[in-house]
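This report describes a protein chain for a reader who is new to structures. Please look through the sequence and the structure before reading on.

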Amino acid sequence: MAATPTTLNGATLLSLVSELQDRKQYQELNWTGTFADYLEIVARNPRVTRTAFQRVYDMIMSYGTEEFIDAKKKLIRYKFFADPSIDEEDAIYGLEVPLMRLVNFFKSAAEGYGTERRVLLLHGPVGSSKSTIVRRLKKGLELYTRTDAGALYTYQWYMGDLDDIEQGRVAEADWEDCPMHEEPLHLIPEELRERFLAELNANLDGSFKVTIQGDLCPVCRYNERDLLRRYHGDWSQMIKHVRVKRLVFSEKDRIGIGTFQPKDEKNQDSTELTGDINYRKIAVYGSDSDPRAFNFDGEFNVANRGLIEFIEALKLDVAFLYDLLGASQEHKIKSKKFAQTDIDEVIIAHTNEPEYRKLQNNEFMEALKDRTVRIDIPYITRLRDEIKIYEKSFNSQRVRGKHIAPHTLEVASMWAVLTRLEEPKKANLTLLQKLKLYNGKTLPGFTEDNIKELRKEAQREGMSGISPRYIQDKISNALVNDANEGCINPFMVLNELESGLKQHALINNEEDRKRYRELLAVVKEEYAEIVKNEVQRAISADEEAIARLCANYIDNIKAYTQRERVRNRFTGQYEEPDERLMRSIEEKIDIPESRKDDFRREIMNYIGALAIEGKKFDYKTNERLHRALELKLFEDQKDSIKLTSLVSQVIDKDTQEKIDVVKARLVRDYGYCERCAADVLSYVASIFARGDVRSSRN
């Protein structure tokens with residue numbers, strides 16, 4: 001018997017929110033205690049005292065890593081950058097090499113090898129994920145500081161009577177936060193730190209050692225001096241006015257995460273970075289140099305112990321860039337009317353290529369160039385990773401009421417990647433073949449060493465071409481412009497991509513526009529091959545039959561190349577290799593008689609190379625052989641169905657039933673809806689009607 005649904009009302013919903021709230025976590029994140037309590041926490045877990053760089057590095061590593069081989073090169077995939085628990089929309093794919101450089105930068109800075117005194121500059125074309133990487137780091141830090149592993153602490157002051165604290169008469173509003181959320185260990189007098197740290201570290205287990213870097217901010221120095229005067233220099237009494245609390249980063253609350261975006265030059269003001277005078281409080285405290293009359297709320301101040309992002313950093317006024325130099329190299333900032341103040345934060349900037357070229361050509365900016373670590377963030381050049389970008393936004397959960405036909409996102413991605421690739425220097429290699437090699441396909445005559453060489457010779461690959469944003473906009477247009485048909489197909493998107501080239505703001509010359517149109521034609525031709533192949537597979541629809549055919553072919557070419565005889569599986573007799581079978585398959589991909597020996601040896605060498613690496617041969621990884629086997633099986637079965645009759649619209653009942661079976665397979669096995677399955681069958685039928693029944697392309 002079905003359960004009766006609960007009637008929703010205000011009280012029920014309010015109760016639901018109350019039940020979902022995790023009060024225990026709230027109490028943990030709002031923990032407060034004495035300075036002595038904090039020292040006990042440090043003794044148990046010294047990593048709460050980590051620097052900003054150490055915290056960022058540990059955060060990334062906490063999500064784990066995955067090693068993989070790409071063209072004989074060992075790469076590391078850092079799971080942090082694609083983990084859906086952070087933000088699925090910001091997941092980053094296909095940038096393993098730049099992200100490895102990024103993490104190595106953080107590792108070096110965490111170890112104190114010098115890069116912690118540099119500005120990290122992400123450089124690349126528009127839409128290449130620069131800001132997405134920074135946004136993910138910021139969101140990750142917010143989440144990390146809410147965990148036990150990422151816990152950190154700061155402190156507050158009470159400047160009233162000590163009796164109020166001891167009697168518990170201090171209201172929450174009377175505790176004053178350190179404006180820069182400093183590490184509580186800064187309260188230990190500088191002259192005592194060496195002995196304190198020696199004693200503390202001597203009793204710690206593990207490799208992590210506590211250090212104290214930096215000094216108190218102007219407000220805390222003022223409070224410390226005031227209290228020490230009150231207690232005649234007794235630090236143990238002064239520290240009773242301090243309360244330590246758990247610190248949780250929040251960009252919205254301006255705690256630990258800062259963001260600075262340049263405005264026009266007339267409106268730029270350095271106080272946005274380092275704070276400004278509070279004119280209302282001057283009347284109270286009598287001087288604009290009194291730290292209590294100053295708001296230490298600039299972006300550098302609020303980002304202390306965390307991360308600050310400089311958006312389009314090289315558009316900053318020169319005066320701002322000097323602030324950036326001091327903040328990175330000396331870890332100090334200079335607020336108006338105050339001495340230099342220590343900071344501990346990761347400084348990440350990002351910029352596009354035109355702005356970076358200006359920096360390179362500006363001889364007055366040598367100091368900034370010398371203190372900058374540049375990491376190039378190119379566009380993706382691997383097809384499967386580009387597809388993932390659009391699948392995040394255009395999927396069945398996000399796109400309601402409309403169906404996206406198979407290969408729609410694939411062909412858009414294919415065109416985007418082709419625009420970013422450099423023409424191969426090898427005369428026998430097309431741009432499309434290069435794309436396939438990068439995507440993990442095998443092609444005759446090309447090894448993993450060749451792929452490595454291709455990447456090495458293309459110095460600026462991925463630094464120009466079509467942005468993913470343009471692709472997303474045109475897919476959106478296709479969805480909006482769909483005349484209530486309920487399904488968009490690759491041709492709709494390709495037409496949108498082509499028509500948009502006329503007004504594309506980032507295409508500066510007609511030559512590029514012409515090249516992009518030519519690449520669209522390449523993609524359309526490739527799409528025709530893909531769907532033709534798909535329909536052929538739907539007609540044959542027998543993977544086991546293909547596997548058997550492949551095994552038979554391999555047995556025969558093995559015997560042929562090794563000058564042996566092959567055993568007939570039915571009679572058990574040994575016979576000469578079946579030349580007719582081998583040629584009937586090889587002819588499907590236009591292997592001439594004069595090249596048949598080379599092709600057969602090539603297949604056997606490929607199988608042997610896989611065996612040496614401990615891998616099993618799968619015909620699907622060899623695109624040409626896979627295609628040949630499918631075409632052979634299709635030829636053997638095509639007479640049972642007259643697909644070309646779709647073009648003439650004259651279809652007998654028997655043929656219609658067979659076509660309906662193929663259509664059903666397209667829907668069931670390949671992700672088509674009824675409408676796009678009918679469309680693709682009609683399209684492929686028109687190709688067959690022209691007599692183009694087999695592929696001669698690689």
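## Confidence in the model

The term pLDDT is the predictor's confidence in each residue, on a scale from 0 to 100. The structure is a predicted model, in which local features need pLDDT of at least 70 and side-chain atom pairs count only at pLDDT 80 or more, while totals for chains, interfaces and linings use all residues. Residues are numbered from 1 along each chain as its sequence is written, and side-chain values use heavy atoms, with hydrogens and water left out.

The protein chain has a mean pLDDT of 87, and 93% of its residues reach 70 or more. Over residues 692-698 the pLDDT stays under 50. For this stretch the model has 23 contacts beyond four places in sequence, where a contact means heavy atoms within 4.5 Å.

## The whole chain

The protein chain has 31 helices and 19 strands. Both are DSSP runs numbered from the N terminus: helices are H or I with at least four residues, and strands are E with at least two. Along its principal axes, the C-alpha trace of the protein chain spans about 105 × 65 × 60 Å. The radius of gyration of the protein chain is 33 Å, whereas a compact globule of 698 residues would have one near 26 Å. This radius is taken over C-alpha atoms, and the globule rule is 2.2 Å times the number of residues to the power 0.38.

Of the 698 residues, 50% count as buried. Buried means under 20% relative accessible area, exposed means over 50%, and partly exposed lies in between, using a 1.4 Å probe and protein chains only. Among contacts in the protein chain with a separation of 6 or more, 72% are between residues 24 or more positions apart.

## The antiparallel sheet

An open sheet is formed by 4 strands in the order S1-S7-S5-S6, with antiparallel pairing. Its edge strands are S1 and strand S6 (176-177), each of which pairs on one side only. Two strands pair if DSSP finds at least two bridges between them. Strand S1 (residues 32-33) is joined to S7 by 2 bridges, and Thr32 has Lys245 in S7 as its bridge partner. Strand S5 (residues 152-157) is joined to S7 by 6 bridges. Tyr153 has Arg246 in S7 as its bridge partner, and Gln156 stands opposite Arg243 in S7.

Why is strand S7 described as largely enclosed by the rest of the structure? The reason is that 6 of the 6 residues of S7 (residues 242-247) are buried. Helix H3 (residues 35-44) lies across S1, S5 and S7, running at about 45 degrees to S7. Such angles run from 0 to 180 degrees between N-to-C directions, with axes that are lines fitted to C-alpha atoms, for helices over the stretch in contact.

Gly33 is found in strand S1. Gly33 is buried, with a relative accessible area of 11%. Leaving aside neighbours within four places in sequence, Gly33 is in contact with Arg243 and Val244. The C-alpha atoms of Gly33 and Arg371 are separated by 40 Å, and the two residues are 338 residues apart along the chain.

## The parallel sheet

Another open sheet has 5 strands in the order S8-S11-S14-S4-S15, with parallel pairing. Strand S8 (257-260) and strand S15 (372-376) are the edge strands, each pairing on one side only. From one strand to the next, the twist averages 20 degrees. Strand S11 (residues 307-311) and strand S14 (residues 346-351) pair in the parallel sense over 5 bridges. Within this pairing, Ile308 has Ile347 in S14 as its bridge partner.

Thr372 is found in strand S15. Is Thr372 buried or exposed? Thr372 is buried, with a relative accessible area of 17%. Not counting residues up to four places away in sequence, Thr372 touches Arg118, Val119 and Leu121.

## One face of a helix

In helix H21 (residues 448-457), the residues Asn450, Ile451 and Leu454 are buried. Seen down the axis of H21, its buried residues fall within an arc of 100 degrees, so they line one face of the helix. The arc is that of the directions from the helix axis to the C-beta atoms. An α-helix has 3.6 residues a turn, so residues three or four places apart point the same way. Helix H20 (431-438) is included in what covers the buried residues of H21.
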